[in-house]
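Biologist: Could you take me through this fold and tell me what stands behind the terms you use?

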Amino acid sequence: MNATGGARILVVDDEIEIVRALQRSLSAYGYEVYAASSGEEALEALGHFRPDVMLLDLGLPGISGLEVCKRVRAHSNLPIIVLSVKDSERDKVLALDLGADDYVAKPFGMNEVLARIRVALRHAAPLQGGTAAIFKAGPLWIDFARRLVQLNGKEVKLTPTEYELLKVLVQNRGKIMTRQMLLTRVWGSGYGGEAHYLHVYIGQLRRKIEPDPAHPRFILTISGVGYRFSAEEETAGEEAEEGKEKTSDRGKPAGE
């Protein structure tokens with residue numbers, strides 16, 4: 001597969017300028033792009049276009065973006081990247097709770113969109129196929145079959161809860177996990193409002209698996225939303241893209 005592999009991208013947005021900019025830019029990078037301007041068109045396109053990634057605006061006419069996300073996730077692991085305006089944090093978090101994988105705030109630069117698409121494509125196959133028996137990222141090594149964790153070749157002693165939290169994060173690496181999602185997956189549905197549990201255990205886990213807990217390399221905080229597990233090579237790639245975006249097209253509308 002080449003840089004894009006001819007991946008199919010479904011763009012769902014009712015703002016024609018954004019759609020045209022995304023079509024132009026993504027096509028230039030070798031992606032096959034299909035556009036839908038409503039929730040109904042998006043759901044219909046899933047069957048005949050069979051996208052590899054969906055870019056989904058939440059403010060759609062007809063069926064809302066949130067409802068589209070909910071319906072897609074009910075039967076598919078299709079990566080969903082939400083396109084959100086900066087003041088819609090509540091809907092953004094709700095979309096992630098419903099199964100969206102990531103989000104890009106409007107206005108956005110194309111470097112950021114391309115980086116998020118690459119991350120989504122890299123992790124689509126592992127997420128659909130489940131967690132491999134062995135996971136390795138830099139100095140971190142996990143044997144899921146034996147529930148064994150090592151850092152720099154030395155065994156890391158984790159409590160059962162710490163291990164389950166790490167396992168959920170790694171299983172969904174590259175995906176933003178909201179606090180609600182993590183609490184429900186690890187502690188159960190009755191702990192949805194106990195955010196302090198998560199804060200404490202994330203801190204404990206970082207002290208055990210991060211080479212430098214003060215500057216996390218693996219468990220990244222997504223401010224106001226939750227956490228994302230990022231493998232070493234993914235983190236480096238995203239930081240490079242963010243640096244490019246800051247120096248080249250920060251503040252420009254999509255496609256410029």
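Modeller: Happy to, bearing in mind that this is a predicted model. Helix H4 (residues 89-97) has a cover that includes helix H3 (65-73), strand E4 (80-85), strand E5 (102-106), strand E10 (176-178) and H7.

Biologist: Which residues of H4 are buried?

Modeller: Lys92, Ala95 and Leu96 are. Buried means under 20% relative accessible area, so these three fall below that cut-off.

Biologist: What puts them on the same side of H4?

Modeller: They cover an arc of only 100° around the axis, and therefore they share one side of H4. After H4 comes Gly99, with a positive phi near 120°.

Biologist: Why is strand E3 (residues 53-57) called largely enclosed?

Modeller: Because five of its five residues are buried, the rest of the structure largely encloses E3. On one side lie Val53, Leu55 and Asp57, on the other Met54 and Leu56, and all are buried.

Biologist: What makes strand E1 (residues 8-12) and E3 a pair?

Modeller: Pairing takes at least two bridges, and four join E1 to E3, so they qualify; the two run parallel. Leu10 stands opposite Met54 there. E3 and E4 are also parallel and joined by four bridges, with Ile80 in E4 as the bridge partner of Met54. From E3 the chain crosses through H3 to E4, a right-handed β-α-β crossover.

Biologist: How many residues are in the largest nonpolar core?

Modeller: It has 28, and Leu169, Ile219 and Phe229 have the most contacts inside it. Helix H6 (160-171) gives the largest share, six residues. A second, separate core of 26 residues includes Leu10, Leu58, Leu78 and Leu96.

Note on methods:
Residues are numbered from 1 along each chain as its sequence is written. This is a predicted model: local features need pLDDT of at least 70, side-chain atom pairs count only at pLDDT 80 or more; totals for chains, interfaces and linings use all residues. Side-chain values use heavy atoms; hydrogens and water are left out. A nonpolar core is a set of buried Ala, Val, Leu, Ile, Met, Phe, Trp, Tyr and Cys residues joined through side-chain atoms within 4.5 Å. Buried means under 20% relative accessible area, exposed over 50%, partly exposed in between (1.4 Å probe, protein chains only). The arc is that of the directions from the helix axis to the C-beta atoms. Contact means heavy atoms within 4.5 Å. A crossover is right-handed if, with the strands pointing away from the viewer, the path from the first strand over the helix to the second runs clockwise.
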